[in-house]
Amino acid sequence: FLYKYGRGVPQNQQIAMQWYRKAIMKFQEAAAGGDAFAMNNIGHMYDFGDGVPQDHQEAMKWYQKAASLGDTMAMFHIGYSYEKGRGVKQSYQQAVQWYQKAAMQGHPDAQAALGFLYLVGEGIPLDRVRAYAWLNLAAAQGYSVAADIRNSTEGEMTPAQVAEGQRLASSWKKGDTLQTTGRSVPGNTENAGMLIKHATGTAFVVSRDAHALTNQHVILGCKE
């Protein structure tokens, strides 16, 4: 990785390839012994063509093996693959399911991705309160992009919505799906009265391993 991108060393693709090939041999040995972390890393190498021919379908096979053993990074990668249609048929609904599996276990990238899908209503009903809460949880783990989106989202929410989002985040425990109290928070969902177009822009989340989780034109609070 360092030689591929020139991080701290002169960029050299040939040396990078040599190290990637050594790495995948070690990962394959570990994966044969049931190491989920190694399985996920093999999937990532196929996903990006690092030391092996790029093959999104092969990557998905390895991600699924790792996820079946509880690897949350692999769950996140499966969610991303479904969101973008990499190696599988594109499905926001499947992306939400896999992001939620990882987010429930505390994976910050998945929490941010799930929060954003709640915010734009892709694959799941628009819900600003849950979006805020998931973004808040990711931000609490040092994910600065999630913090930025949470802060900008807060400006589009009522004090009641923000308070409920903060309550959900502060009371969250591993395994929780962020259920609300059951009381309605005015203006929270896309069906809560007349929506007003008030801001436009290109919105996206970039994970810490360089995935562009979402990149689409967004009109906040509007489904025109």
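A residue is called buried when its relative accessible area is under 20%. By that criterion helix 5 of this predicted model is mostly covered, with 10 of its 13 residues buried.

**Helix 5 and its ends**

- The end C-alpha atoms of helix 5 are 18 Å apart, which agrees with the 18 Å that its 13 residues should span at 1.5 Å a residue.
- The buried residues of helix 5 are Ala74, Met75, Phe76, His77, Ile78, Gly79, Tyr80, Ser81, Tyr82 and Glu83.
- At the start of helix 5, the backbone nitrogen of Met73 has a side-chain oxygen of Asp71 within 3.2 Å.

**Ser81 in helix 5**

- Ser81 belongs to helix 5, which covers residues 72-84.
- Ser81 counts as buried because its relative accessibility is 2%, and the cut-off for that class is under 20%.
- When residues up to four places away in sequence are not counted, Ser81 touches Met60, Tyr63, Arg86 and Val88.
- One of these contacts, Arg86, also takes part in a salt bridge with Asp47.

**Met104 in helix 6**

- Met104 is located in helix 6, which comprises residues 92-104.
- With a relative accessible area of 19%, Met104 is buried; the class requires a value under 20%.
- Apart from neighbours within four places in sequence, Met104 is in contact with Trp134, Trp172, Lys174, Gly175, Asp176 and Thr177.
- The C-alpha atom of Met104 is separated by 9.4 Å from that of Thr72, and the two residues are 32 residues apart along the chain.

**A salt bridge between separate parts of the chain**

- Side chains of opposite charge can pair when their charged atoms come close.
- Asp47 and Arg86 meet through their side chains in a salt bridge, at 3.0 Å from N to O.
- Asp47 lies in helix 3 (residues 36-48) and Arg86 in the loop between helix 5 and helix 6, so this pair ties together parts that are 39 residues apart in sequence.
- Asp47 is buried, at a relative accessible area of 2%.
- Arg86 also counts as buried, with 18% relative accessibility.

**Salt bridges within a helix**

- An α-helix has 3.6 residues a turn, so residues three or four places apart point the same way.
- In helix 4 (residues 56-68), Glu58 and Lys61 are three residues apart, about one turn of the helix.
- Glu58 forms a salt bridge with Lys61, and their closest N and O atoms are 3.8 Å apart.
- Glu58 counts as partly exposed, at 21% relative accessibility.
- In helix 10 (residues 159-171), Glu164 and Arg167 are likewise three residues apart, about one turn of the helix.
- The side chains of Glu164 and Arg167 meet in a salt bridge, with an N to O distance of 3.0 Å.
- Glu164 is buried, with a relative accessible area of 2%, whereas Arg167 counts as partly exposed at 31% relative accessibility.

Note on methods. Residues are numbered from 1 along each chain as its sequence is written. This is a predicted model: local features need pLDDT of at least 70, side-chain atom pairs count only at pLDDT 80 or more; totals for chains, interfaces and linings use all residues. Side-chain values use heavy atoms; hydrogens and water are left out. Helices (H or I, at least four residues) and strands (E, at least two) are DSSP runs, numbered from the N terminus. Buried means under 20% relative accessible area, exposed over 50%, partly exposed in between (1.4 Å probe, protein chains only). Contact means heavy atoms within 4.5 Å. A salt bridge is a side-chain nitrogen of Lys or Arg within 4 Å of a carboxyl oxygen of Asp or Glu. The expected span of a helix is 1.5 Å times one less than its number of residues. A polar contact is a pair of N or O atoms within 3.5 Å; within protein, one must be able to donate a hydrogen and the other to accept it, and residues adjacent in sequence count only if both atoms are side-chain atoms.
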